[in-house]
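Hello,

Here is the structure for your files. My notes on some of its helices follow below.

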Amino acid sequence: MLIGEVARRSGVSARMLRHYESLGLVRPTGRTGSGYREYSGEDIRRIFHIESLRSLGLSLREVASALDDPGFAPTRLVEDLIRGTRERIAAETALLTRLRRIGAAEPAGWEEVLQIVALLHALGSESAGRRQRAALSSAEEVPVPVEALVEAALGETDPIVAGALRWALTRSGDDGSIALLEEGLRSPAAEVRERAVRAVAEITGDDATALLRGALADTDVAVRRHAALALGARGAAEAVPTLLDMVVEEANDVEAADALSALASRPGQADRIATGLVARLAHATVDASARRRLAQALADIPGSKADRALETLSHDEDRGVALTAAYVLGLREAREGPV
């Protein structure tokens, strides 16, 4: 079979076939009387083998080794190819993500494109200062796509930079951030879910509140606590049990007590909260310091139930608890008149 027919049947150009011959990859078994190359069936099978190996990403040198070296072991080479392919896919995926984000920002011109690229690079910088400046400038100059802000917020470990990123998210006003943060709340990593719930806590609206309610059932205690504090500030009664636990466990107990106080101002909540505080005071595992914190929390809960609980505590066998309750009662009487 002459080279032209081989090229037609194999899909390999005559020029490439000559190149293979120059490298010694293919050696036509004969020539015609006129001196033209003549390929045998075995030669054509070898050509197909070469193309098959090239399709896997092997170089021509690696193809020659694979076909001609009897001791050639493919395992390591295939592993190298897999690793290289993964690296290329990761690089291409990163590029695609960057391009999609730039497109989402709808830049008006190349100057804005360059600014967005610079901000995206800065958000991924190893310098916390650069990341913070990028977060702050994203709300003042060319806006960074919300997807990039959420990704940065969910991965940020520096608390100052994280705060700047959350601020930028709230300033963006992009409704898409809620859906992206909801994905963060489903992350298997507790630290990512905690960052997500902190970001959601700074966003107003029913959708954000619904996500916070769901976060109350999270398996991680830090996520539940952040959700409870945010919900307490929004007047959501579902947060009460977690807030009560926070007072007992001395976990942001002052903020938790403030949230309980705010909730107690709502109709029907004061007695419920007072009942919860009293129940925890009666629990056998609650130590003296926790009982003092519970007594202090009762100070800003209105109603007769809280008054009676404080009166009982003012005679508590633990002197610290008794003094705390008596002091709180004095403050309440001065503010509201005698019980």
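**Helix packing notes**

Helix H13 (residues 221-233) has 13 residues and spans 19 Å from its first C-alpha to its last, close to the 18 Å expected at 1.5 Å a residue (1.5 Å times one less than the number of residues). Helices here are DSSP runs of H or I with at least four residues, numbered from the N terminus.

This is a predicted model, in which local features need pLDDT of at least 70, side-chain atom pairs count only at pLDDT 80 or more, and totals for chains, interfaces and linings use all residues. Residues are numbered from 1 along each chain as its sequence is written, and side-chain values use heavy atoms, with hydrogens and water left out.

Axes are lines fitted to C-alpha atoms over the stretch in contact, and angles run from 0 to 180 degrees between N-to-C directions. Ala 153, Leu 154 and Gly 155 of H8 make the contact (heavy atoms within 4.5 Å) with Val 192, Arg 195 and Ala 196 of H11.

For H15 and H16 (residues 269-281), the angle is about 145° and the axes are 8 Å apart. Leu 260, Leu 263 and Ala 264 in H15 meet Gln 269, Ala 270 and Ile 273 in H16.

Regards

Technical notes
Helix = DSSP H or I, 4+ residues; strand = E, 2+ residues; numbered from the N terminus.
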